[in-house]
Amino acid sequence: QVRLVESGGGLVQPGGSLRLSCAATGFTFSSATMKWYRQAPGKGRELVAAITNIGGSTNYADSVKGRFTISGDNAKNTVYLQMNNVKPEDTAVYLCNAWAPRILGGFDYWGQGTQVTISS
């Protein structure tokens, strides 16, 4: 059974840090491109960061470059999002996504999300 379980969300003051985790089961984690999206109230879903588990290349939204770091642990089937110097505009539900092209299995899975609130 495929599962993506996010954790680590919560309430943090501006300028603080938070680490989100996404634990994956039920598919070939090492074949996936793992992504973190976020969705704020009344806004569309935004891609925040992505990492390819083959090769480890990463990319980030301009709004989080230099503040957020995505990393993966293939041994633990887990992807992380380290969030530093957070801002109120980072407040959103953060969702984990696992995607692979057809040649690597062809899948697109989503977690339920974890709430991140940045407020003083």
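Q: Why is R38 called buried?
A: R38 has a relative accessibility of 7%. Buried means under 20% relative accessible area, exposed over 50% and partly exposed in between (1.4 Å probe, protein chains only), so R38 counts as buried. This is a predicted model, in which local features need pLDDT of at least 70 and side-chain atom pairs pLDDT 80 or more, while totals for chains, interfaces and linings use all residues. Residues are numbered from 1 along each chain as its sequence is written, and side-chain values use heavy atoms, without hydrogens and water.

Q: What makes E46 and R38 a salt bridge?
A: Their closest N and O atoms are 2.8 Å apart. A salt bridge needs a side-chain nitrogen of Lys or Arg within 4 Å of a carboxyl oxygen of Asp or Glu, so the pair qualifies. E46, at 29% relative accessibility, counts as partly exposed.

Q: How many salt bridges does this rule give, and which residues are linked in a network?
A: The count is four. R38, E46, R67 and D90 are linked in a network of salt bridges.

Q: What makes R67 and D90 a link between distant parts of the chain?
A: The closest N and O atoms of this salt bridge are 2.8 Å apart. R67 lies in the loop between strand 6 (58-60) and strand 7, and D90 in the loop between strand 8 and strand 9 (92-100), 23 residues apart. Both R67 and D90 are buried.

Q: Is D62 buried or exposed?
A: D62 has 65% relative accessibility and therefore counts as exposed. D62 forms a salt bridge with K65, with closest N and O atoms 3.2 Å apart.

Q: Why do strand 3 and strand 8 count as a pair?
A: Strands are DSSP runs of E, at least two residues long, numbered from the N terminus. Two strands pair if DSSP finds at least two bridges between them. Strand 3 (residues 18-25) and strand 8 (residues 78-83) have six bridges, in the antiparallel sense, and L20 stands opposite L81 in strand 8.

Q: What makes strand 1 and strand 7 edge strands?
A: The open sheet of four strands has the order 1-3-8-7, with antiparallel pairing. Strand 1 (3-7) and strand 7 (68-73) each pair on one side only.

Q: How do you know that T114 is buried?
A: The relative accessible area of T114 is 10%, so T114 is buried. T114 is found in strand 11 (residues 114-118). Leaving aside neighbours within four places in sequence, T114 is in contact (heavy atoms within 4.5 Å) with residues including E6, L20 and Y94.
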